[in-house]
Amino acid sequence: MTELQIALKIAVANAFAMYYNAHSFHWNVEGVHFSQYHDFFRGIYEDVYGSIDPIAEQLRKLGTYAPISLTELVASKTIPDVAVVGDDVKGMLLALQSANDEMLSTLNKVFALAAATNEQGLCDFIAGRIDVHKRHGWQTTSSLKGL
């Protein structure tokens with residue numbers, strides 16, 4: 001397996017982990033600003049979930065298989081599991097910010113490897129995902145102000 005294929009497997013695993021974190025926050029958020037954060041987390045999990053299949057398809061285009069089991073998926077991720085629930089909105093946002101930072105790091109590595117191997121289509125796709133995750137980072141950081 002090439003370094004690019006390995007990095008892309010990590011990207012799909014991290015996208016799944018970030019999706020699940022945001023979705024679990026959406027389910028479990030409570031408090032005065034419930035509606036606002038419930039919607040905020042939904043926007044992020046819907047976007048990240050929508051990226052999982054295209055990332056996995058990029059793996060197939062590179063001639064390798066996407067993770068075939070949850071065990072393989074979990075073993076490939078670099079985003080840690082979190083256990084933040086209820087009214088700890090700040091904890092949820094900090095965990096999401098950390099996951100997004102790791103996702104950006106992963107995507108930047110994939111981009112560099114794709115560029116080095118002349119995978120222009122993959123570069124184009126990953127550049128779009130990097131831009132989206134920069135927006136998620138800005139929105140999460142802005143949401144943390146004053147908490």
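Colleague: How many helices and strands does the protein chain have?

Modeller: The protein chain has five helices and zero strands. Helices (H or I, at least four residues) and strands (E, at least two) are DSSP runs, numbered from the N terminus. From the N terminus on, the elements run α-α-α-α-α. The radius of gyration is 16 Å, close to the 15 Å that the globule rule gives for 147 residues, so the protein chain is as compact as a globular protein of that length. That radius is taken over C-alpha atoms, and the globule rule is 2.2 Å times the number of residues to the power 0.38.

Colleague: What should be known about the model before its values are read?

Modeller: This is a predicted model, in which local features need pLDDT of at least 70, side-chain atom pairs count only at pLDDT 80 or more, and totals for chains, interfaces and linings use all residues. Residues are numbered from 1 along each chain as its sequence is written, and side-chain values use heavy atoms, with hydrogens and water left out.

Colleague: What box do the C-alpha atoms fill, and what share of the residues is buried?

Modeller: Taken along the principal axes, the box is roughly 50 × 30 × 20 Å. Buried means under 20% relative accessible area, exposed over 50%, and partly exposed in between (1.4 Å probe, protein chains only). Buried residues make up 48% of the 147 residues in the protein chain.

Colleague: How is the surface described, and which atoms supply it?

Modeller: Accessible areas come from the Shrake-Rupley method with a 1.4 Å probe; for residues, only the protein chains shown count as cover. The protein chain exposes about 7700 Å², of which carbon and sulfur atoms supply 55%.

Colleague: How is the length of a helix to be judged?

Modeller: The expected span is 1.5 Å times one less than the number of residues. Helix H1 (residues 3–28) has 26 residues and should span 38 Å; its end C-alpha atoms are 37 Å apart, which agrees. Helix H2 (residues 34–61), with 28 residues, should span 40 Å, and its end C-alpha atoms are 41 Å apart, which also agrees. Helix H4 (residues 89–116) reaches 40 Å from its first C-alpha to its last, close to the 40 Å expected. H1 is also mostly covered, with 19 of its 26 residues buried.

Colleague: Which residues follow H2 and H4 with a positive phi?

Modeller: H2 is followed by Gly 63, whose phi is positive, near 85 degrees. Just after H4, Asn 118 takes a positive phi of about 60 degrees, although Asn 118 is not a glycine. Asn 118 is found in the loop between H4 and H5 and counts as exposed at 56% relative accessibility. Its C-alpha atom is separated by 36 Å from that of Leu 93, 25 residues apart along the chain.

Colleague: How are contacts counted, and what share of them joins residues at least 24 apart?

Modeller: Contact means heavy atoms within 4.5 Å. Among contacts between residues at least 6 apart in sequence, 78% join residues at least 24 apart.

Colleague: Is Leu 59 buried or exposed, and which residues does Leu 59 contact?

Modeller: Leu 59, in helix H2, is buried, with a relative accessible area of 0%. Leaving aside neighbours within four places in sequence, Leu 59 is in contact with Gln 5, Leu 8, Lys 9, Val 12, Thr 64, Tyr 65, Ala 66 and Pro 67.

Colleague: Which contacts do Val 110 and His 133 make?

Modeller: Val 110 lies in helix H4 and counts as buried at 0% relative accessibility. Leaving aside neighbours within four places in sequence, the contacts of Val 110 are Leu 4, Ala 7, Leu 8, Ala 11, Leu 122 and Ile 126. The C-alpha atoms of Val 110 and Leu 122 are separated by 8.7 Å. His 133 lies in helix H5 (residues 120–144) and is buried, with a relative accessible area of 1%. Not counting residues up to four places away in sequence, His 133 touches Met 18, Val 48, Asn 100, Met 103, Leu 104 and Leu 107.

Colleague: Where is Leu 147 found?

Modeller: Leu 147 is found in the segment after H5 and is partly exposed, with a relative accessible area of 45%. Leaving aside neighbours within four places in sequence, Leu 147 is in contact with Tyr 37, Val 89, Lys 90 and Leu 93.
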